[in-house]
Amino acid sequence: MTISKTVLDAYALLDLEPDADFADLEAAHRHLSRLYGAESKDMSIQLLEGEWGEAEREKVLEQIERAYGRIRLHLQSQAETLAEEIIEVDPPEQVLPLEESDYSGAALRNVREQKGIGLHEIYKKTQLPYKLFANIEQERYGNLPEPGLLRWYVSVYAKLLGLEAKAAADGYMRRYRRWSSNQS
Amino acid sequence: MDTTEMTGQASIWAIAGGKGGTGKSIVTAGLAARITEQNKRVVLADADFGGPNLHTIMGLKRPKRSISDFFSEGVPLEDLLVETNQSGLMLLPGDYRTMDASTITITQREKFFRHLKALPADIILVDLGAGSSIHTVDTFLMADRPILVTTPEVTSLDNLYLFVKKVLFRHLNMVLSQAGLKEQAKKAWRDRPRIDGPVAIPLLVETFQSLSPIAPAIINAALRQFRLALIVNQIRDPGQIEVGFSIRSVLQQYFLLRAAFVGIVRHLPDFWQNQTAEGCRSLFAMGQLADDLDLILTHLSKGDQIKR
């Protein structure tokens, strides 16, 4: 996939490496929003406050938001393209009946380990960041992409483990929603 | 861009940071000592006029002749080099007679660089003094690798940004002058819009860009080509590493300059007790300081930087 110059510029603006994933993007966005935010306690920002001016700083914040949105879109379309390919080439060989409550990250990991599938194999098949699947298994929800995309990832992952993709995604996302409603 | 490896000439690294007392000279000498461990020949040049101390750090007596003999009497640089107790590392001692560095002309500085490059060395580290004198700024700009050293304290950052600002304006002025826009640049500077206090750098750069149809291309190329390296010294706890990330981002957003955050040097609580007549040799040989410096060198050679 070719990357446009605007996307490359966005990576540079957010100080991200080309192999950054959603978690890296979120971390950079959080850091920069705090750094340039009105409440910034950063020494550098406070030192330059007098000459930089609020308007200029807000302009930087806007640029950061734009870059953030651009990279999100880029990562999503990249992941979607890959996910589509995977779903087509990997028919499940064996569907395991599991209770809905059994689709926790830990349970998914158990299934994976019982089948002797390494995380690196999943990475090899999907070309999606290794960290992503580790985060899914560890239910580190804060580091995972937005729900729509996460659902897709979980179903791809479940399919690779030979599970029924829809049931797995439903079960996993129910747990996710419980967490996210507790957040707000 | 450091292309010196292909030409066979020495690569010049200039180390500055604006504030004194940040441990810049120790870092510079330490980097020099660690580079010799890679079997490279290094010259350590003390360009801190009025405040030289690299010879002390290297455990040497005050040398009779110094860098100022090159500028005032034309003594060849090779004749001024002294051996150190580190094999492969030569020292170009600093000036003790408080020569006025502002009397050094551009022609002299260019000659100095030509002669430095011709020395039998792979890498030459130039330790620049505190402050933002024209000599310091210009030497920094001429180096193959300009390296900033700071500590994570507000006073250091204050002087660091002042230094970077001078470097940026000098750099832009030089490229605009070379493009025949010297007078316009001067005028733009004189008429810079000052509503309330100093004008923001991004705005001023915009003013420069509007000087002529070719100005934006010249300025953008100059900003793109100038790559800084940043080292944060005397880190006392891991949280202070954030200061480096902030500096890197601010350099990009406000000063429009790209910087690689190439490393940190952790604070050594018993640093002063560890110094002997041999200087800092044992500290450079192994241990925490040596490890931190090696990581910086790895990042510099690979064009890499610290990641979160």
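Helix axes here are lines fitted to C-alpha atoms over the stretch in contact, and the angle between two of them runs from 0 to 180 degrees between N-to-C directions. With that in hand, let's look around this model, which is a predicted one.

Start with helix α8 of chain B, residues 154–178, and its partner helix α11 of chain B, residues 215–225. These two pack at an angle of about 135°, and their axes are 10 Å apart. That makes α8(B) oblique to α11(B), and the crossing is a right-handed one.

Who touches whom? On the α8(B) side you'll find Leu168(B), His171(B), Leu172(B), Val175(B) and Leu176(B), and they meet Ala215(B), Ile218(B), Ile219(B), Ala222(B) and Leu223(B) of α11(B). Sort the residues of this contact by type and you get nine nonpolar, one polar and no charged.

Now bring in helix α10 of chain B, residues 201–209, which packs with α8(B) at an angle of about 5°, the axes being 12 Å apart. Since angles under 35 degrees count as roughly parallel, α8(B) is roughly parallel to α10(B). Here Lys165(B), Leu168(B), Phe169(B), Leu172(B) and Leu176(B) in α8(B) meet Ile201(B), Leu204(B), Val205(B) and Phe208(B) in α10(B). This contact splits into eight nonpolar residues, no polar and one charged.

The remaining pairing is α10(B) with α11(B): their axes come within 8 Å and cross at roughly 135°. So α10(B) is oblique to α11(B). From α10(B) come Val205(B), Phe208(B) and Gln209(B), meeting Ala215(B), Pro216(B), Ile219(B) and Asn220(B) in α11(B). By type, this contact holds five nonpolar residues, two polar and no charged.

| Helix pair | Angle | Axes |
|---|---|---|
| α8(B) and α11(B) | about 135° | 10 Å apart |
| α8(B) and α10(B) | about 5° | 12 Å apart |
| α10(B) and α11(B) | roughly 135° | within 8 Å |

## The nonpolar cores

Which residues have the most contacts inside the largest nonpolar core? They are Leu92(B), Phe140(B) and Phe255(B), in a core of 123 residues. Our helix α8(B) turns up again, as it gives the most to this core, with 11 residues.

Phe255(B) is worth a look of its own. Setting aside neighbours within four places in sequence, Phe255(B) is in contact with Tyr161(B), Val164(B), Lys165(B), Leu168(B), Ile201(B) and Val250(B), and also with Leu48(A) from chain A. There's a second, separate core too, with 34 residues, including Ala32(B), Val42(B), Ile147(B) and Leu297(B).

## Over to chain A

Is Lys125(A) buried or exposed? Its relative accessibility is 52%, so it counts as exposed. Lys125(A) and Leu160(A) are 35 residues apart in sequence, while their C-alpha atoms are 8.8 Å apart in space.

For a contrasting pair, go to Gln273(B), in the loop between β8 (258–266) and α13 (281–285) of chain B. Gln273(B) is exposed, with a relative accessible area of 64%. From Gln273(B) to Ala185(B) is 88 residues in sequence and 52 Å in space, C-alpha to C-alpha.

Asn39(B) has a phi near 60°, a positive value in a residue other than glycine. You'll find Asn39(B) in the loop between α2 (24–36) and β2 (42–47) of chain B, and it is exposed, with a relative accessible area of 74%.

Gln234(B) isn't a glycine either, yet its phi is positive, at about 60°. Gln234(B) sits in strand β7 of chain B, residues 227–235. Its relative accessibility is 21%, so Gln234(B) counts as partly exposed.

Terms used
Residues are numbered from 1 along each chain as its sequence is written. Chains are lettered from A and ligands numbered from 1 in the order in which they are written. This is a predicted model: local features need pLDDT of at least 70, side-chain atom pairs count only at pLDDT 80 or more; totals for chains, interfaces and linings use all residues. Side-chain values use heavy atoms; hydrogens and water are left out. Helices (H or I, at least four residues) and strands (E, at least two) are DSSP runs, numbered from the N terminus. Angles under 35 degrees count as roughly parallel, over 145 as roughly antiparallel, 65 to 115 as roughly perpendicular and the rest as oblique. A crossing is left-handed if the near helix is turned anticlockwise from the far one by less than a right angle, and right-handed if clockwise. Contact means heavy atoms within 4.5 Å. Ala, Val, Leu, Ile, Met, Phe, Trp, Tyr, Cys and Pro count as nonpolar, Asp, Glu, Lys and Arg as charged, and the others, Gly among them, as polar. A nonpolar core is a set of buried Ala, Val, Leu, Ile, Met, Phe, Trp, Tyr and Cys residues joined through side-chain atoms within 4.5 Å. Buried means under 20% relative accessible area, exposed over 50%, partly exposed in between (1.4 Å probe, protein chains only).
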